[in-house]
Amino acid sequence: MRYKIAILITFLFLTDLYSQNTNDLESVSIIHLISNPEEYHQKKIRVVGFMNLEFEGNSIYLGKEDSELRITKNGLWLSLTRDKRNELKADGLHQKYVSLIGIFNMIEKGHKGLWSGSITDVERVWERKKD
């Protein structure tokens, strides 16, 4: 009987952890992150934008033109390791529209503080394509 209770408690605990992890993810626009940073600080978010991958310039922007013109205030710094940046480049995601999941940080603003915030702990990135 104790064994069954222990299994039940373990199952409920793991179910609760899983639901917290998926429910804590918020889909949000870059515009909303820039205009309401305190609302999303240290929260797990999913965002869509144009990703640029380069030394001292890993970032996600509202659009391609913002990236090309280096309008950094219309973008967010991506805190990536060199290995992660190279992996994303190898996957063909440099200068592509992507969705990504990570943690938003309103304090860290990237190289020389040029961006409007940052996304850390990037755990998933995938290309957005037209249907």
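R70 is found in the loop between helix 4 and strand 4, in a predicted model where local features need pLDDT of at least 70, side-chain atom pairs count only at pLDDT 80 or more, and totals for chains, interfaces and linings use all residues. Residues are numbered from 1 along each chain as its sequence is written, and side-chain values use heavy atoms, with hydrogens and water left out. Helices (H or I, at least four residues) and strands (E, at least two) are DSSP runs numbered from the N terminus. The protein chain has five helices and six strands.

**Overall architecture**

- From the N terminus on, the elements of the protein chain follow the order α-β-α-α-β-β-α-β-α-β-β.
- The protein chain has 131 residues, of which 35% count as buried; buried means under 20% relative accessible area, exposed over 50%, and partly exposed in between (1.4 Å probe, protein chains only).
- Among contacts in the protein chain with a separation of 6 or more, 60% are accounted for by residues 24 or more positions apart, a contact being heavy atoms within 4.5 Å.
- The accessible surface of the protein chain is about 8500 Å², and 52% of this surface belongs to carbon and sulfur atoms; such areas come from the Shrake-Rupley method with a 1.4 Å probe, and for residues only the protein chains shown count as cover.

**Nonpolar core**

- The largest nonpolar core holds 20 residues, and the members that touch the most others are L33, I45, V47, M51, I60, I119 and V125. A nonpolar core is a set of buried Ala, Val, Leu, Ile, Met, Phe, Trp, Tyr and Cys residues joined through side-chain atoms within 4.5 Å.
- Two or more residues of this core come from each of helix 2, strand 2 (44-52), strand 4 (75-78), strand 5 (96-105) and strand 6 (118-127).
- With neighbours within four places in sequence set aside, M51 is in contact with S59, I60, L78, L88, L93, H94, Q95, K96, V98 and V125.

**Salt bridges**

- Five salt bridges are found in a search of the whole structure; each is a side-chain nitrogen of Lys or Arg within 4 Å of a carboxyl oxygen of Asp or Glu.
- One of them joins the side chains of K43 and E26 at 3.9 Å, N to O. This pair links distant parts of the chain, with K43 in the loop between helix 3 (37-40) and strand 2, and E26 in strand 1, 17 residues apart. K43 counts as partly exposed at 35% relative accessibility, and E26 likewise counts as partly exposed at 29%.
- Another salt bridge joins the side chains of E123 and K44 (3.2 Å, N to O). Here E123 of strand 6 and K44 of strand 2 are 79 residues apart, and the pair links distant parts of the chain. At 22% relative accessibility, K44 counts as partly exposed.
- The side chains of E54 and R70 also form a salt bridge, at 3.1 Å from N to O. E54 lies in the loop between strand 2 and strand 3, and R70 is 16 residues away in the loop between helix 4 and strand 4. E54 is partly exposed with a relative accessible area of 26%, and R70 is partly exposed with 44%.

- D66 lies in helix 4 (residues 64-68).
- D66 is buried yet has no salt bridge, and R70, the nearest side chain of opposite charge, is 11 Å away. For charge, Lys and Arg count as positive and Asp and Glu as negative, while His and the chain ends are not counted.
- The side chains of D66 and N74 are joined by a polar contact of 3.1 Å. A polar contact is a pair of N or O atoms within 3.5 Å; within protein, one must be able to donate a hydrogen and the other to accept it, and residues adjacent in sequence count only if both atoms are side-chain atoms.
- Not counting residues up to four places away in sequence, D66 touches Y61, I71 and N74.

**Loop residues and backbone angles**

- E56, in the loop between strand 2 and strand 3 (59-61), has a positive phi of about 60° although it is not a glycine. E56 is partly exposed, with a relative accessible area of 37%.
- R70 is likewise a residue other than glycine with a positive phi, near 55°.
- S29 is found in the loop between strand 1 (26-27) and helix 2 (30-35), and is partly exposed with a relative accessible area of 37%.
- A polar atom of the S29 side chain lies 3.0 Å from the backbone nitrogen of H32.
- S29 and R46 are 17 residues apart along the chain, and their C-alpha atoms are separated by 8.3 Å.
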